Amino acid sequence: ENKEEDKYAAEDFSKYLPDSAKVDQPSQQWQLPSESSSRINACFQRIKTGAMLGGALGGSFGFLYGTYAAIAYRHILYIPISVVQAGFGFGLFLACGMIIRCDEGAEPEPIAAAPSNAALMFGGMRAMGTSAFISAGRTPFGAARAVSDRAHARSE
């Protein structure tokens, strides 16, 4: 048994390799996809999902309507025509909706609390302090009413 193990250990198996494998080659460098390409892939997946869901939903409604039309007008070709048309239409709209939802990936800037035009129209909002009304959860018209009530109380 030792002779067979030595025989295999001593044998040069490189004679079975092609010539291209005998040359030193640079190692393969695996790189993770960049952030933009993964964002593009995620957006493309969302668009495909929207189109498939829309096509399935539209196709099912098209089948229902096509069945009704085929029975009412006694023409069987209404079924596949309405399935394809409704499926394509719904799929297109849902895919477009997913395109709109694909963002640039940047976090949106927080919107600073600012008085609305309606509250500024009645005046006094800056004197009362905008943050008090926003933190209290009042609407701009409710805030304007509070300002006008205080102004009315001062005048009396």
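# Briefing on a predicted model

I79 has a relative accessible area of 18% and is therefore buried (buried means under 20% relative accessible area, exposed over 50% and partly exposed in between, with a 1.4 Å probe and protein chains only). The model is predicted: local features need pLDDT of at least 70, side-chain atom pairs count only at pLDDT 80 or more, and totals for chains, interfaces and linings use all residues. Residues are numbered from 1 along each chain as its sequence is written, and side-chain values use heavy atoms, with hydrogens and water left out.

**Helix α3: I79 and S82**

- I79 lies in helix α3, and S82 is placed in this helix too, which covers residues 78–101 (helices are DSSP runs of H or I with at least four residues, strands are runs of E with at least two, and both are numbered from the N terminus).
- The C-alpha atoms of I79 and L64 are separated by 8.2 Å, with the two residues 15 apart along the chain.
- Leaving aside residues up to four places away in sequence, I79 touches G62, F63, G66, T67 and A70 (contact means heavy atoms within 4.5 Å).
- S82 is buried, because its relative accessible area is 9%.
- With residues up to four places away again not counted, S82 touches G62, Y65, G66 and G87.
- A polar atom of the S82 side chain lies 2.8 Å from the backbone oxygen of Y78.

**Cysteines**

- A search of the whole structure finds one disulfide (a pair of cysteine sulfur atoms within 2.5 Å).
- This disulfide joins C43 to C102, with an S to S distance of 2.0 Å.
- C43 lies in helix α2 (residues 35–73) and C102 in the loop between α3 and α4 (117–122), so the pair ties together parts that are 59 residues apart in sequence.
- The link of C43 and C102 is right-handed, with 115 degrees about the S-S bond.
- Both C43 and C102 are buried, whereas C96 counts as partly exposed at 36% relative accessibility.

**Charged pair**

- Side chains of opposite charge can pair when their charged atoms come close.
- A search of the whole structure finds one salt bridge (a side-chain nitrogen of Lys or Arg within 4 Å of a carboxyl oxygen of Asp or Glu).
- E11 forms a salt bridge with K15, and their closest N and O atoms are 3.6 Å apart.
- E11 counts as partly exposed because its relative accessibility is 25%, while K15 is exposed, with a relative accessible area of 54%.

Conventions. A polar contact is a pair of N or O atoms within 3.5 Å; within protein, one must be able to donate a hydrogen and the other to accept it, and residues adjacent in sequence count only if both atoms are side-chain atoms.
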